[in-house]
Amino acid sequence: MSVMIKESPISEKAMIEEAEKALADISRVRDAVGRVIFGQEAVVERTLVALLAGGHALLVGVPGLAKTKLVETLGIVLGLDSRRVQFTPDLMPSDILGSEVMEQDEFGKRSFRFISGPIFTQLLMADEINRASPRTQSALLQAMQEYHVTIAGARHDLPSPFHVLATQNPLEQEGTYPLPEAQLDRFLMQVDILYPEIEAERRILLETTGVDEAKADNVLQPARLREIQTLIRRMPVPESVVEAILKLVRSARPGQGNAETDKHVAWGPGPRASQALTLCARARALYDGRLAPSVDDVRALAEPVLQHRMALTFAARAEGTSVRDVVAKLAKGV
């Protein structure tokens, strides 16, 4: 019998009642998104899990795979105020965060007024984030971590909830500024978007090239999303899941006794990866209609949570080994 760990005191009956309400809400969200986004069930699941867990996600895929459409749909379905920023090399931090302007009233008195930037929203789509300069990237990623910005010494809090869904094109890398590893770690998950299956692509062709195109409906409000995020943090985690997370994350670090890792991995994930796995496992369980996470949730989330928090050795890259391959082998051993 596994030992259950609880984050905060809550009666079992109240927990079940809250969870059942959340399950119904999440089911409606899934249905609403599924009417607009076709054939990307795993992508939708992982992206929604990241949002339910209260974090940010990096969407990686070639152009034309509905990354922008997914973010737009999620904003409508979840009732979030959403904005999109197209990143370019000449984009400045003030273009995102906002800046102060000097104004003069009718009596000639001058004063500064803060004009907020597009980051002051609940769901921000950072399109092609790797095209921005390191200075702009760091300004955005600092706000993602601290949930406020400081302009001219004054603190300005971001809305709640606040989520960033950033996109990145894995093919076109010329003239880009790849995100440093420490900044990649700010993303709860990296969601890889692959080409759709043939039946899904057939449905896309038939349903998006006519006069009437399916549109998303709002089914949730931001306050309700916050309640579900709080509930997820209260969900019990079996001791077996805690041990599986610790075993997986620690085995991905060189020098911890795993020969495969020592051979292929230059550096591995830190404690933030364990935190991310714990939160995401809870969120995935609720998304799947369960009241507690299992070891299967840990295995399923190993790739999106760990792959951007690890780096391979030069020898491993020369052999054609990928981070996915290493993570897949480690996950099997959990």
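Me: Is Q86 buried, exposed or partly exposed, and why?

Reply: Q86 counts as partly exposed because its relative accessibility is 34%. Buried means under 20% relative accessible area, exposed means over 50%, and partly exposed is in between, using a 1.4 Å probe and protein chains only.

Me: Good start! What kind of model is this?

Reply: This is a predicted model, where local features need pLDDT of at least 70, side-chain atom pairs count only at pLDDT 80 or more, and totals for chains, interfaces and linings use all residues. Residues are numbered from 1 along each chain as its sequence is written, and side-chain values use heavy atoms, leaving out hydrogens and water.

Me: Thanks. Which strand does Q86 lie in?

Reply: Q86 lies in strand β3, residues 82–86. Strands (E, at least two residues) and helices (H or I, at least four) are DSSP runs, numbered from the N terminus.

Me: And what does Q86 touch?

Reply: Leaving aside residues up to four places away in sequence, Q86 touches L91, D127 and E128. Contact here means heavy atoms within 4.5 Å.

Me: Which side chains make a polar contact with the side chain of Q86?

Reply: One is E128, at 2.9 Å, and R84 is joined to Q86 at 3.3 Å. A polar contact is a pair of N or O atoms within 3.5 Å; within protein, one must be able to donate a hydrogen and the other to accept it, and residues adjacent in sequence count only if both atoms are side-chain atoms.

Me: What stands opposite R84?

Reply: That's M125 in β6. β3 and β6 pair in the parallel sense over five bridges; two strands pair if DSSP finds at least two bridges between them.

Me: What's the order of the strands in the open sheet?

Reply: Its five strands run β3-β6-β9-β2-β10, with parallel pairing. The edge strands are β3 and β10 (189–192), each pairing on one side only.

Me: New topic: which residues in α5 are buried?

Reply: They are T136, Q137, A139, L140, L141, A143 and M144. Their cover includes α4 (93–97), β6 (123–127), β7 (148–151), β9 (163–168) and α6 (181–184).

Me: And what follows α5?

Reply: Y147 does, and its phi is positive, near 60°.
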